[in-house]
Amino acid sequence: MVGAPQGSQRRAVDRVRTASSRRAFARRVHHHAPRAQVSLLQREPVEGALLLARAGPAVTLVARIGHDREGSFVRARLAAENLAAGLIEGTEPTDRSLILLDRAGENCIVSTAAAARAMTPADAERALADAPAGALLLLQGNLVFETTRAALQAGLARRLIIIFNPAPV
């Protein structure tokens, strides 16, 4: 378990802690498989990966980042949490998101997806090559169809527990 987060890391973790569905998911994962490996593919799961890693399971976050200032920032932040090993550096810019709120507090998330769309089926297959049977695969819907299919097929072949979140589609 990593020490208490500071500054912007603390704010990011606080936002995750306020999401009751993520807290409940983390408790279930920790209760049922306290040392299970959890693989998460791509962007949105970063905060979820932080939460899960702090709850106990071994977490592998797999995401493409660009060779740019934002990618360096993401790598440094995730390295501080021991979550940078699965990052794949590419020539596309690192994905970014902007969260807009209306007066009622409803949000609309506007994101770039060049890095997510650049993840290949081979990237997904390599990421899951050593995943043990029974590990969890949390897969986001922001990958291209071929990469999503490859990740699902690899997960099924390795007898992983697959959770597919179609967001942001």
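The following legends describe close-up views of a predicted model. Local features are reported for residues with pLDDT of at least 70 and side-chain atom pairs only at pLDDT 80 or more, whereas totals for chains, interfaces and linings use all residues. Residues are numbered from 1 along each chain as its sequence is written, and side-chain values use heavy atoms, with hydrogens and water left out.

**View 1. Arg64 and its salt-bridge partners.** A salt bridge is a side-chain nitrogen of Lys or Arg within 4 Å of a carboxyl oxygen of Asp or Glu; the count by this rule is 7. Glu92 pairs with Arg64, their closest N and O atoms being 2.9 Å apart. Because Glu92 lies in the loop between strand S3 (87-90) and strand S4 (97-101) and Arg64 in strand S2 (residues 58-66), the pair ties together parts that are 28 residues apart in sequence. Helices (H or I, at least four residues) and strands (E, at least two) are DSSP runs, numbered from the N terminus. Arg64 also forms a salt bridge with Asp123 (3.1 Å, N to O). Arg64 lies in strand S2 and Asp123 in helix H6, so this pair ties together parts that are 59 residues apart in sequence. Salt bridges that share partners join Arg64, Glu92, Asp123 and Arg126 into one network.

View 2. Asp123 is buried, with a relative accessible area of 6%, whereas Glu125 is partly exposed at 39%. Buried means under 20% relative accessible area, exposed over 50%, and partly exposed in between (1.4 Å probe, protein chains only). Not counting residues up to four places away in sequence, Asp123 touches Arg64, Ile88 and Ala118; with the same exclusion, Glu125 is in contact with Ala150 and Arg158. Contact means heavy atoms within 4.5 Å.

**View 3. The salt bridge between Arg96 and Glu70.** The closest N and O atoms of this pair are 3.2 Å apart. Arg96 lies in the loop between S3 and S4 and Glu70 in helix H4 (residues 69-80), so the pair ties together parts that are 26 residues apart in sequence. Arg96 is exposed at 51% relative accessibility, while Glu70 is partly exposed at 22%.

**View 4. The largest nonpolar core.** A nonpolar core is a set of buried Ala, Val, Leu, Ile, Met, Phe, Trp, Tyr and Cys residues joined through side-chain atoms within 4.5 Å. The largest has 13 residues, including Met119, Leu128 and Leu160. H6, strand S6 (136-140) and helix H7 (145-157) each give two or more residues to this core.
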